Amino acid sequence: MGAEEQPQERRRPGGTLRAAALSRSFDGVAAVREVSLELHRHEVVGLIGPNGAGKSTLVNLLTGFDRPSSGTVELQGRDVTRWSASRRGRHGLARTFQHSHPFRSLSVRENVEVAALGAGASPAEARGTADELLELLGLEGDAEAPAASLAHGHERRLGVARALATRPSFVLMDEPAAGLPEAEVPEFAAVVRSVRDDHGAGVLLIDHNMALIMDVCDRIEVLDQGRTIAAGTPAEIQANLDVAAAYLGESAVHEDPS
Ligand SMILES: Nc1ncnc2c1ncn2[C@@H]1O[C@H](COP(=O)(O)OP(=O)(O)O)[C@@H](O)[C@H]1O
Ligand SMILES: [Mg+2]
């Protein structure tokens, strides 16, 4: 472990995850263009926009699963643009994937424990973390089942539990509620709030469920064609017809709500 990786840094309170003018092109096509945003601890920021807007690419850039063509990523005031994903993970940054890949032959509990162990927990701590998170995510009944046997909605929740098992300061959730039955969405909203309020983490939440986004987010950033086209409170975003045009398509904005 180098001088830059003292464990106590992981527990440094407060802090910010910051993207500064991040851009990423694929074969000359810009997927993310000059995007800047800040995520603080103790807040939930929504990231919305149509399919192909660049949301997942931005999460990949922030978490180190991809590298920007230009721009920087700062974590707790340090430039981490060249850091690997695992190193960022050890410094408090966690994510869920749009298409999650649990260890299918391991049990649900073991999946959470493995994530905790990977973040440096002792076996006893990992068991405690798994108990706590399986309860938070409503997965106690599935604890001993193989992850491969989970229904889709429960697999989404396992993805969130695995991310939280690393005790992150920041957790970036890429469509974690996609495929959740509508009836389970309020419960999921409570989980997101708990991550903010009880764990003190900053949450970046990507989702197409506008009711969920408006309900739980403190702020919202809107991407379209790789650019930030709006940012504000849920009320401000709700009121922004330009955003609605980009998000719903021109016709939806002008349609009579009959
Ligand atoms: N690995 C990749 N190679 C080439 N193009 C990509 C790659 N990843 C994303 N893109 C393109 O970048 C754009 C943004 O994609 P993405 O970030 O997945 O959007 P979103 O998550 O908002 O739906 C899309 O046009 C997509 O096709
Ligand atoms: Mg995506």
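Which hand does the crossing of H3 and H5 have, left or right? I'll come back to that after the ligand. One caution before I start: this is a predicted model.

Ligand 1, then. The residues around ligand 1 are Phe 26, Ala 31, and a run that goes Pro 50, Asn 51, Gly 52, Ala 53, Gly 54, Lys 55, Ser 56 and Thr 57. By class, that shell has five polar residues, four nonpolar ones and one charged. In terms of secondary structure, the biggest contributor to the shell is helix H1, residues 55-63, which supplies three residues.

With Lys 55 the side chain is involved, and one of its N or O atoms is 2.8 Å from a ligand oxygen. Thr 57 also uses its side chain, with an N or O atom 2.6 Å from an oxygen of ligand 1. As for cover, ligand 1 on its own has 560 Å² of accessible area, and the protein covers 55% of that.

On to the helices. A pair of packed helices is described by the angle between the axes and the distance between them. Take H3, residues 108-118, against H4, residues 123-136: the angle is about 125°, and the axes are 8 Å apart. H3 and H4 are therefore oblique to each other. Their crossing is right-handed.

The other pair is H3 with H5, where H5 is residues 152-164. Here the axes come within 7 Å and cross at roughly 30°. An angle under 35 degrees counts as roughly parallel, so H3 is roughly parallel to H5. And back to the opening question: the crossing of H3 and H5 is right-handed.

That's what I have.

Notes
Residues numbered from 1 in each chain as written. Chains lettered and ligands numbered in written order. Predicted model: local features only at pLDDT ≥ 70, side-chain atom pairs only at ≥ 80, totals over all residues. Heavy atoms only, no water. Near = heavy atom within 4 Å. Polar contact = N/O pair within 3.5 Å; in protein donor to acceptor, adjacent residues only side chain to side chain. Areas by Shrake-Rupley, 256 points an atom, 1.4 Å probe, with all protein chains shown as cover. Helix = DSSP H or I, 4+ residues; strand = E, 2+ residues; numbered from the N terminus. Nonpolar A, V, L, I, M, F, W, Y, C, P; charged D, E, K, R; others polar. Axes fitted to C-alpha atoms, helices over the stretch in contact; angles between N-to-C directions. Parallel < 35°, antiparallel > 145°, perpendicular 65-115°, else oblique. Left-handed = near helix turned anticlockwise from the far one by under 90°.
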